[in-house]
Amino acid sequence: MTGTRRTIAVLFLLPALVLLGALVLYPIGYSVGRSFFDKAGDFSGFDNYETMFSDDGIRTAVKNNAIWLVAAPALTTALGLIFAVLTERVRWGTAFKLVIFMPMVISMLAAGIIFRLVYESDPDRGVANALWVGVHDTFAESSGFPQGHPGARSPLEGAGGGAFITKEPVRAGEPVVLPLTGVPPDLMPDDAASAKPAAAEPGKVTGTAWQDFTRGKGRGQVNAPDAAEFGYPGIKIEAVKDGEVVASTKAASDGTFTLPEEADGALLRYPADNFREPYNGVDWLGPTLITPAIIGSYIWMWAGFAMVLIAAGLASVPRELLEAARVDGANEWQVFRRVTVPLLAPVLAVVVVTLMINVMKIFDLVFVIPPGSSKDEANVLAVQLYNSAFGDRDAGVASAIAVLLFLLVIPVMLFNLRRMRREGRR
């Protein structure tokens, strides 16, 4: 190359080299240098690195980054692969892929706000717990009377384990009263009707189960149903003799109930199941599940990205190889595992490496989703860097964390470069 051509080439490359130096090389060099100075700007050697590996918050961030690095790319790629393969031959596959890819157009900040609401612990507000509680209540009925208990002059007493039982045996033909109190008005069942005294029936035990409380001082009669008080619809009553349940029933909407003649001479018991606290779901934003919950929101966002890339690679797979495997007797699972996945290996490697680099610097979701009580448990290196730099105003420790992040990304980048070179030689 002549001198003139070399000069022209340098001039063409100069703007790119200047930008590369100003936006990449200089910040890296400055961060490395600043990491050897303390908060006040005095030289401190490797003190910032010692602080970084002795600080509990930073150690938690390193541990969580490792969890992210292992779990998020693998699960996202696997889900994208499943979506791409299953929708390949479906008529509405394009529409499905569009829906799955749509979260990619949402910013990380907006997605974090969305999932902060999704993971709300109150089932009336959080979608995740609303679904979880719905499934739970389908198989295990929740209590309708949490916090219910007998009053001071009640004919009931504690029976252990949260149950309540009558102090004296009941007799057929003599209506009994089983008053309770303590259930908040807003938790009373919607079908609760005004309580009324039970009518006597020969040979049967009848009674009333109700909320023995009337609003207003001095109103209502103790241990007697009033029109302003509500029955306990659906509450379970058991007749117990010698520790054995001989009969059971549930109260009507007005609190009245009827037991057969077997209940004559028995003690009536409210089982503890009537009063257990309602199931409110999982504490998604608690210290234990906060990191998996945030990873779930990341997968929701990036599964579409993985699916689109894998679907593009799947479109280039020779159909003759798949058909040949089927002709040789392979079932669909064997075709997928022995033919499709190996042929998609280069594409899968691209997706996994891209996601690994992405999760190493995850910030927005971890910054927005956790409440204050769980922020320390959800901490990652990028968030810790931000907190050290702008919260603690310690540029030295923040620079040390930045250097650590850079060193952790280098092996992934080298792997990607080697893979690209191998692909180029083919």
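**Stop 1: the sheet.** Select the five strands of the open sheet, ordered S1-S2-S8-S5-S6 with antiparallel pairing. Strands here are DSSP runs of E with at least two residues, and helices are runs of H or I with at least four, numbered from the N terminus. Two strands pair if DSSP finds at least two bridges between them. At the edges sit strand S1 (156-160) and strand S6 (244-250), each pairing on one side only. From one strand to the next, the twist averages 30°.

This is a predicted model: local features need pLDDT of at least 70 and side-chain atom pairs count only at pLDDT 80 or more, while totals for chains, interfaces and linings use all residues. Numbering runs from 1 along each chain as its sequence is written, and side-chain values use heavy atoms, leaving out hydrogens and water.

**Stop 2: S5 and S6.** Select residues 236-241, strand S5, which pairs with S6 in the antiparallel sense over six bridges. Pick Glu 238; its bridge partner in S6 is Ser 248.

Now go to the loop between S5 and S6, where Asp 242 is found. Its phi is near 55°, a positive value in a residue other than glycine. Most residues other than glycine have a negative phi. Asp 242 is exposed, with a relative accessible area of 84%. (Exposed means over 50%, buried under 20%, partly exposed in between, with a 1.4 Å probe and protein chains only.)

**Stop 3: a helix pair.** Select helix H3 (residues 56-86) and helix H7 (residues 290-315). They pack at an angle of about 45°, axes 6 Å apart. Axes are lines fitted to C-alpha atoms over the stretch in contact, and angles run from 0 to 180 degrees between N-to-C directions. H3 and H7 are therefore oblique to each other; that class takes what is left after under 35 degrees (roughly parallel), over 145 (roughly antiparallel) and 65 to 115 (roughly perpendicular).

**Stop 4: the core.** Which residues touch the most other members of the largest nonpolar core? Select Trp 68, Tyr 119 and Tyr 298, out of 46 residues. Such a core is a set of buried Ala, Val, Leu, Ile, Met, Phe, Trp, Tyr and Cys residues joined through side-chain atoms within 4.5 Å. H7 gives the most to this core, with 14 residues.

**Stop 5: Arg 393.** Select the loop between helix H13 (381-391) and helix H14 (395-425), where Arg 393 lies. Arg 393 has a positive phi of about 55° although it is not a glycine. Arg 393 is exposed, at 59% relative accessible area.
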